[in-house]
Amino acid sequence: MESRTVQRSGMSAGNDSGARLSQFKNKGKDASLQELRRRRAEVNVELRKAKKDDQILKRRNVQSLDDEPTSPLQEKDPNAQPSQLCSVEEIVGGMNSQNPEQQLRATQAARKLLSREKHPPIDSIIATGLIPKFVSFLALSECPPIQFEAAWALTNIASGTTDQTTAVVEGGAIPAFISLVTSPHQHISEQAIWALGNIAGDGSNNRDLVIKHGGLLPLLALLAAPDLSVFPSGYLRNLTWTLSNLCRNKNPAPPLQAVQQLLPSLVRLLHHDDRQVLADTCWAVSYLTDSSNERIEVVVHAGLVPRLVQLLGSGDLTIVTPTLRSLGNIVTGTDEQTQCVLNAGALAMFPNLLRHHKPNIQKEAAWTVSNITAGKNTQIQEVINAGLMPILVEILQQGDYKTQKEAVWAVTNYTSGGTVDQVAYLLHCNVLEPLLKLLTTKDSKVILIILDAIYNILQMAYKSGEVEKLCLMIEELGGLDKIEGLQSHDSEAVYKASLNIIDRFFSEENEDESVVPEANGDCYAFQIPEDQSTFQF
Amino acid sequence: MAKRIADKELTDRNWDQEEEGEEAGTFSVASEDVLKNRAIKKAKRRNIGAESEAGGAFKSFKGFSLASAGGVSAPTAFSGFGNGGGLKGLGGLTNGNSASFGGFSSTAGPGVTFNGPSSMMPPCDIGTKQTNGSAPGPAHREYSRQLTALNCSVRDWITKHVNDNPLCDLQPIFRDYERHLSSIERQYGSGGSEGGSGGPEEKNAPAPSSGSSAALFSFSKTTAEDSIRDQSSGSSPVPTSVTFNFGQKVDSSVLSSLGNKSGPSFSFSSGSSQMPLFSSGASFSGSKPDDDRTTEENPDEESEEPPKPEVKEVKENNAFYSKKCKLFYKKDSEFKEKGVGTLHLKQTDGKTQMIIRADTNLGNILLNIMVHSSMPCSRVGKNNVMVVCVPNPPVDDKNPSSPVPLLIRVKTSEDADELHKTLEEEKK
């Protein structure tokens, strides 16, 4: 399954334009170049929104619709056709010529073709077999323009399907791009980072290839700068995005060692103040925590949790979403890992999160709580102290259905791990009525979970000698009718579970509370001869 | 209680997609075949008269619930039969309760006394309605009483069954009503002083499915539990005997069927309460009755079929001994219930056969074995008899021919003694 992202903002307005522009004759055109970039950035943003449904998750560096008013190169060559894209054949011709200028022109032409908005001819270009050529241009440090154009073109090819990305990889692009990360020209460095992001984001295989080729170190070295604000925001965002793609994908997850190398940088980024950087870093953390407890441990150990909890209260949906998912993932870990989240004060955010206007946030919040109530009863106590149970009951009464399902889980886990007092408190919160009402749902899995909860509560009441009251209550709330009726449910498991409850707690038997002996050892109300050896048949 | 990982992958791409809404829906019911093979238990209701706890549409029935019907004597008198209570008595289920068939005259309240013997017994003499010279005067009074009783019984029956299953088909009940009404007319109506002959025949010719009609105002089928419940409420017009003392607040509203807003107070106290948020004496508020009855299928499938009496199982030919019982079989180290039914002993070719037939509409066989001389049989506990044999039908499909201890539980210890003695005798 691909992980794909869509276009994002284009290149930053590098303040290294001086170096690059010296390649061009028209120095004075730097204003228009910046203008170009700005327009490109805008167009990219629009494209991103438009392509939202496309699920294209790599990012193509796209040309704006109107071609640039002038290309520096065109001015140079009067024979070049102004604002007209070359054909693929022409590109092939130019690339294969021995003439550096023609090659540059052809590369740029390819870049333009590949940057056009609609249906860039990626496969056609691949079919020309030119990829290795482009890759070779990446190394031409004496000609930064061609490095840049080639990098751009390859980035856009790698933004396509897995096959297309693989074509780039097979052309030897990875080590070449890794080298370019340290280019003295920031825009080239940025383009290389972008390309690597596309490649890594393609899937576990290509991601691990980037890592194997030593892609991590130069990227992380960038973040060794004492102050991240030296970077243009676009550059930093690209870098963060690429790092997040290196954390992405499972089966397999990124190598543990790579993760350990990445984490300090992620911590740093997590303390930066740029919204997009924060969001992408949190996405990275969410991918890393969506894994085994061992992986969760690494993240927790890096000390990320307090900052995550802080961000949880940021109120910015683009940040809250991945942060909540990260914390939700962490509490699927051990009790200790869960405790870390609690110690950081996460629960204080949950009244708002559980009532968030976005159903998805509500759902994720309820899911998170359900995993906390699956923990120790001291942790359940923290949930209680945070005042969350009445809110869960609210959700059961009238929430969005997906959120309700999570709330049901939260309640059942609670009844399973809670103390007698805690369960009594739960009843005091009037959980029974909405819980019983949900028994009419068509989802048999949910029914089973609810029946589980009911059973747990009854069992607890029984042990406390208060089961009669509870049974009466269940009956009065119409729950008994429902449970009885569930014996006719399609699902055998539901039938059994409901039968079991009736049998154990609502049995018609007048004498003993439950005729069928319980499993607590004290079984037999009647004497039964144990020796069956005397029976002959 | 495990932790659960996220069910859906969340990424920077899909996080703000609109998720499709999901509806709760309602559950699907198993097919008839599957249902047939299931042992479905009827739950014990503690809140007597709380049948119409489905608020909402049924709130209007509040006044009709049995508990509050205590004031009216006529219905009380007949509630025992009207809902098949009398049938149960006929079926041999002696629960010592007042409203069993034998006692209808006395404990059934001030109702009508029927002379004549236990004419309610369908398998036996259905020679009911020996009206004993009821003169027009008393007959007219009698007629009113009968009609009132009939109407109240119908009302109660309908109430109860529609509450249980709003989808039930009420046609059979109206047919019965017609029948009963015409018999009343005949017997007590316009000067009918004799009406003996018409009556019994009518009643005597039951379709096999409605053999219960011998009992007055018996309607269709009800389950045993209903009758027991009805009997107990019938026997005590005012359900004050049913008090739930929970130690804290005894809220009498608990006793009424509907609309008890404050339920019993609750606490699972376990020593010191560390809960700052509530005290153990706090009562629950707002335990409102459930008022959305979604279209659930009645677990009691039989309500869809034409009314059938309970006493069907009594018709066992050649049974020299019959007893209502509950059968258990031993599995692993505990006893599991096989079902409730009637045990019959029959003689065939000098051998004794034990049949236990379930008290359901189908009357399926719970046990059918020959009584061997070597079959272990012992008296156990207060009211049980235990035997060991190879059960037929088998209880364990993996070992269908290995012997299994079976426990037969009967109502009283005398019954158990009797059963045990009988079995021992038959073994010889």
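**Notebook: chain B**

I began with the contacts within chain B: among those between residues at least 6 apart in sequence, 63% join residues at least 24 apart. I note here that the model is predicted.

I next looked up the secondary structure of chain B and found nine helices and seven strands. For burial, I recorded that 50% of the 428 residues in chain B are buried.

In chain B, seven strands form an open sheet with antiparallel pairing, and I read their order as β4-β3-β2-β1-β7-β6-β5. I asked which strands of chain B stand at the edges. They are β4 (365-370) and β5 (377-380); each has a single partner strand, so one side of each is left without a neighbour in the sheet. From one strand to the next, I noted a twist that averages 30°.

I examined one pairing in detail. Strand β1 (residues 319-331) and strand β2 (residues 334-348) of chain B run antiparallel and are joined by twelve bridges. Within this pairing, I traced Lys330(B) to its bridge partner in β2(B), which is Phe335(B).

Lastly, I looked up what packs on the sheet. I found helix α9 (residues 413-427) of chain B there, touching β1, β2, β3 (351-358), β5, β6 (384-389) and β7 (404-409) of chain B.

Conventions
Residues numbered from 1 in each chain as written. Chains lettered and ligands numbered in written order. Predicted model: local features only at pLDDT ≥ 70, side-chain atom pairs only at ≥ 80, totals over all residues. Heavy atoms only, no water. Pairing = 2+ DSSP bridges. Helix = DSSP H or I, 4+ residues; strand = E, 2+ residues; numbered from the N terminus. Axes fitted to C-alpha atoms, helices over the stretch in contact; angles between N-to-C directions. Contact = heavy atoms within 4.5 Å. Buried < 20%, exposed > 50% of the residue type's maximum accessible area, 1.4 Å probe, protein only.
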